[in-house]
Amino acid sequence: MMKQTSKQILTILAFVLPLLFGCGLGLLQPVYGQSMGSRVVVNPLTGIAIDGYDPVSYFTEPEPLEGLGEFEYVWNGVPWHFATAANRDVFIGSPEIYCPQYGGHGAMGMARGFVSDGSPTIYTVFNKRLYLFYSAANREAFLLSPVDAAVQGAANWPELSKMLTSN
């Protein structure tokens with residue numbers, strides 16, 4: 001019995017200690033001194049913006065299209081993929097119009113004063129701008145008062161983006 005209890009305690013410590021002291025995510029490190037992520041949300045495995053979805057297609061298609069590597073454009077240090085060469089060229093002309101607001105971070109989180117990664121499959125186009133959300137519930141909350149949420153998110157972005165690293 002004692003041997004089993006000792007194993008359980010060691011197992012718990014093996015999981016808890018790295019959380020407290022390791023990997024830059026530790027609970028004992030000051031939050032203000034940490035980078036929370038990158039300014040543009042990228043796929044952690046590929047490094048491609050918004051999981052490779054074509055940002056222009058959110059405005060031109062009923063559903064966003066996945067981009068292709070052959071139609072890639074690097075903007076703000078991040079590769080963006082497009083479904084067609086025409087969409088890539090449109091983006092090159094006005095990337096600020098087509099890229100998601102807040103670098104693809106969750107719009108409702110931004111309005112509430114915190115940073116969360118947005119999902120390219122949970123989105124809305126409001127006032128000719130693309131907003132991504134962490135969850136469908138956050139999108140619904142945004143849509144209850146989109147003007148207020150967009151204004152508050154825009155007000156919070158300059159300060160919150162300081163905690164993010166450049167890509």
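**Figure 1. Burial and overall make-up of the chain.** Buried residues account for 41% of the 167 residues in the chain. The model shown is a predicted one. The chain holds 7 helices and 4 strands. Read from the N terminus, the elements follow the order α-α-β-β-α-α-α-β-β-α-α. Of the contacts between residues at least 6 apart in sequence, 54% link residues at least 24 apart. The chain exposes about 9,800 Å², and 61% of this area comes from carbon and sulfur atoms.

**Figure 2. The largest nonpolar core.** This core comprises 17 residues. Those with the most contacts inside the core are Ile 50, Tyr 58, Trp 80, Phe 82, Phe 91 and Leu 132. Two or more residues each come from strand 1 (68–75), strand 2 (78–82) and strand 4 (129–133). Strand 2 contributes the most, with 3 residues. Another core, of 16 residues, lies apart from the largest one and includes Ala 111, Val 115, Phe 126 and Leu 164. In soluble globular proteins, nonpolar side chains tend to be buried together.

**Figure 3. The surroundings of Leu 132.** Leu 132 is one of the residues with the most contacts inside the largest nonpolar core. The contacts described here leave aside neighbours within four places in sequence.

**Figure 4. The hairpin of strand 1 and strand 2.** The two strands pair in the antiparallel sense, over 5 bridges. Val 74 has Pro 79 of strand 2 as its bridge partner. Between the strands of this hairpin there are 2 residues. Asn 76, in the turn, has a positive phi of about 55 degrees. Strand 2 is largely enclosed by the rest of the structure, because 5 of its 5 residues are buried. From strand 2, Val 78, Trp 80 and Phe 82 point one way, while Pro 79 and His 81 point the other way. The residues on both sides of strand 2 are all buried.

Figure 5. Strand 3 spans residues 119–126. Since 6 of its 8 residues are buried, strand 3 is largely enclosed by the rest of the structure. Strand 3 pairs with strand 4 in the antiparallel sense, and 5 bridges join them. Phe 126 has Arg 129 of strand 4 as its bridge partner. Phe 126 also belongs to the core of 16 residues.

Figure 6. Most residues other than glycine have a negative phi. Asn 127 is not a glycine, yet its phi is positive, at about 55 degrees. Asn 127 sits in the loop between strand 3 and strand 4. With 61% relative accessibility, Asn 127 counts as exposed. Tyr 102 also has a positive phi, near 55 degrees, and is a residue other than glycine. The place of Tyr 102 is in the loop that runs between helix 4 (95–98) and helix 5 (107–112). Tyr 102 has a relative accessible area of 6%, so this residue is buried.

**Figure 7. Salt bridges.** The chain has 3 salt bridges. One of them joins the side chains of Arg 88 and Asp 89, at 3.4 Å from N to O. Asp 89 is partly exposed, with 44% relative accessibility. Arg 139 and Glu 140 form another, in which the closest N and O atoms are 3.7 Å apart. Arg 139 counts as partly exposed because its relative accessibility is 21%, and the cut-off for buried is under 20%. Glu 140 is partly exposed too, with a relative accessible area of 45%. In the salt bridge of Lys 162 with Glu 159, the closest N and O atoms lie 3.3 Å apart. Both Lys 162 and Glu 159 are exposed.

Definitions and conventions
Residues are numbered from 1 along each chain as its sequence is written. This is a predicted model: local features need pLDDT of at least 70, side-chain atom pairs count only at pLDDT 80 or more; totals for chains, interfaces and linings use all residues. Side-chain values use heavy atoms; hydrogens and water are left out. A nonpolar core is a set of buried Ala, Val, Leu, Ile, Met, Phe, Trp, Tyr and Cys residues joined through side-chain atoms within 4.5 Å. Buried means under 20% relative accessible area, exposed over 50%, partly exposed in between (1.4 Å probe, protein chains only). Contact means heavy atoms within 4.5 Å. Two strands pair if DSSP finds at least two bridges between them. A salt bridge is a side-chain nitrogen of Lys or Arg within 4 Å of a carboxyl oxygen of Asp or Glu. Accessible areas come from the Shrake-Rupley method with a 1.4 Å probe; for residues, only the protein chains shown count as cover.
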